[in-house]
Amino acid sequence: MQTIQYREAIREAMEEEMRLDDRVFLMGEEVAQYNGAYKVSQGMLDEFGPRRIVDSPISETGFSGLGIGAAMYGLRPIIEFMSWSFCLVAADQIINNAPKMLYMSGGQFGCPAVFRGNNGAGGQLGSTHSWCVESMFASVPGLKLAVPSTPRDAKGLLKTAIRDADPVFNLESERMLGLGARGDKDFSRYIKDTWAPPTTKQDEDFTIPFGVADIKKPGADVTIVAAGRPVHFALDAAEELEKEGIDCEVIDPRTYRPLDIDTIVKSVRKTNYCVVVDQSWPFASVGSEIAAQVYEHAMDDLDNKVIRVNNDDIPAPYNRTLEQEMLPNTKKIIDAVRAVTYSA
Amino acid sequence: MTPATTEDTVTTQTSNNPPKDKLVDMLYQMMLIRRFEERTMQAYQQAKIGGFCHIYIGQEATAVGAVAALVHDDPIITAYRDHGHALARGMHPNYCMAEMYGKVTGCAKGKGGSMHMFDKANHMYGGHAIVGGQCPLGVGLAFAIQYEKKNNVAVCFFGDGAINQGAFHEAMNLAAIWNLPILFVVENNGYSMGTAISRGTAAADNLGAKAAAYGMRYAECDGMDVLDTYNVFKREGDLSRGSTSDQLGLEQKGGGPCFINARTYRYQGHSMSDPQKYRSKDEVNDKKDKDCINTLVGHLIDNKLATQQQIDELDKKAKQASRDAIDYAEKSPDLPMSEMFTDVYAEPYGPPYVKGGMPKMITDNNSGE
């Protein structure tokens, strides 16, 4: 198995697209001379130079707005947020300007920009640095939202994002950047073909379309829907539940907007039980939306209510034990699956 | 990096006035904006136009003088008081009025309204309705010009209220560190809505200090004098045009960004619903004595560049074009329900989103449709 790291997959996606299209540039804090705060853009300054790999000052409103203006002019910016937690000071730019420009201008000016960076809890960063923004942003029409969970998805989805004519928010995770590096549990017994990107010369053409869910683990007894980092919690839970004789199907939507509800519903029709996992807060979350859509489409196929597993409804605590407990972790998913399948 | 403001960077009247034909055209542009907006106010009062509507009357010389000093593909971007910029940029008045009527023949098919005038063909990157929100976008236009190594300059207009927003500061800072080809233009009409600039802006009587804080050139112009405005924009635009930065891997050249303080005045309220209790009628009348159209008319007559009869003809033409714009908007079809879900995404993106076509753009050559 290829041991490409998640961060390397993101880098490869950017490098390949930048080689193909001179309009693509990367801008963000410490992306160039520092080689990336998380080493995602390591070496890119050497290849592409300071015109295309641009260190910005700590100025999220400024440089995210710059990206939108440049995209309106015809460039293809990749704007890196060191953390999505820092995008909040740029909210007017990224949710008021980027996704509405095409509509407000009657189709004249779009915003083919990618905004990407780490989303969700890192390691004991406290509440201001631990935002999960998917639920907040998924409700905004005009933008697209990708949440890759594996190196393969990270590369394929980001390449699609860069080529896309609309603004795309790509939510990565500090906790996943090293995936694939240290002999992490990669669940390749389930997903042999879908862990790492292809290594052949056709890499440049490898993309993953938006709005196509991936069955990360096939199963017969219960459907677990999870995207991004919680996919790994769900696979861990599935492994544990296998020992109890519960065969979980783990569905990864990969993009929340557009959402491939059909694949989710098809799975629920087969298993008749559904647990929805997402790492944002429970109230009005993407998980709530998926649960609602499952009810709308498959009410008669459900043999129990849908159970949601979220971050707990609190600001992220600094304390390590509490922080781990807050997450939609493996234990919570196991409990939810047992409950939903009446196995508790 | 350019030196901070010094006395001699502040504008002094120069005599590089545009040739006669251009002056006459500039007068017509100002007359058109005024007559057009008089019609706009009537239509608003008749509830033909909805939402918020901000009238530019009094400030015409700023947009007209600035745009006249640019080349056509220099991108401009502005705030929500944007009808004047759109018309000065060459948007057909029919197209502008139809937008306010919410008609499919409007510049944004009736999806944007008064505050969101976009015109790609005329390099008008929009009216933007969140105060200061367009400043970083303007920087993006300038960045793209530099990135593509083009010999253009971006112009970012905003009101004096925007100076107090964080976006303004970040935009000025980015433009300065990367020596971007951009003119930041404060259309300083003295009030952000009902708040006098001295109540809301520190050092309001010394805006040059704002530019100095970024090591940026500073210029002032009389925004109610179209010739002064033209000359300042010509001079500063040429200094900024095509600027590049060694920080972005290019040879450092050009004067970089400039902050221009265009002192002007709006005769009408902030928006159509403003009772204007924050200023006196005397103040408004004093400013009207310096009216931009009268000043240019005086210049043309005094210098025998036009006759009163020619000027009357121009005004007649502006009035007719404004009446025609109303007729066109009235007769145009509404934005159909089928356009509800178009232009949300660029490409077809599952139901219910479908990509819609653009209505035919109207130009001077086919406006009789």
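**Figure 1. Polar contacts across the interface of chain B and chain A.** In this predicted model, 20 residue pairs, both at pLDDT 80 or more, are in polar contact across the interface of chain B and chain A. A polar contact is a pair of N or O atoms within 3.5 Å; within protein, one must be able to donate a hydrogen and the other to accept it, and residues adjacent in sequence count only if both atoms are side-chain atoms. Strand E2 (124-127), helix H5 (134-147) and helix H6 (166-177) of chain B are the elements that give two or more residues to the side touching chain A. H5(B) supplies the largest share, 9 residues. Helices (H or I, at least four residues) and strands (E, at least two) are DSSP runs, numbered from the N terminus. The model is predicted: local features need pLDDT of at least 70 and side-chain atom pairs count only at pLDDT 80 or more, while totals for chains, interfaces and linings use all residues. Residues are numbered from 1 along each chain as its sequence is written, chains are lettered from A and ligands numbered from 1 in the order in which they are written, and side-chain values use heavy atoms, with hydrogens and water left out.

**Figure 2. Extent and make-up of the interface.** Contact (heavy atoms within 4.5 Å) joins 51 residues of chain B to 47 residues of chain A. The buried area is about 3,900 Å², with 66% from carbon and sulfur atoms; this is the accessible area (1.4 Å probe) that two parts lose on being put together, summed over both. On chain B, the side that touches chain A has 30 nonpolar, 10 polar and 11 charged residues. Here Ala, Val, Leu, Ile, Met, Phe, Trp, Tyr, Cys and Pro count as nonpolar, Asp, Glu, Lys and Arg as charged, and the others, Gly among them, as polar.

**Figure 3. A salt bridge between two strands of chain A.** The side chains of A:Arg116 and A:Glu80 form a salt bridge at 2.8 Å, N to O. A:Arg116 is in strand E4 (residues 114-118) and A:Glu80 in strand E3 (residues 76-83) of chain A, so the pair ties together parts 36 residues apart in sequence. A salt bridge is a side-chain nitrogen of Lys or Arg within 4 Å of a carboxyl oxygen of Asp or Glu.

**Figure 4. Backbone at A:Pro258 and A:Ala284.** The peptide bond from A:Arg257 to A:Pro258 is cis, with omega near 5°. A:Pro258 sits in the loop between strand E10 (255-257) and helix H9 (261-271) of chain A.  A:Ala284, a residue other than glycine, has a positive phi near 55°.
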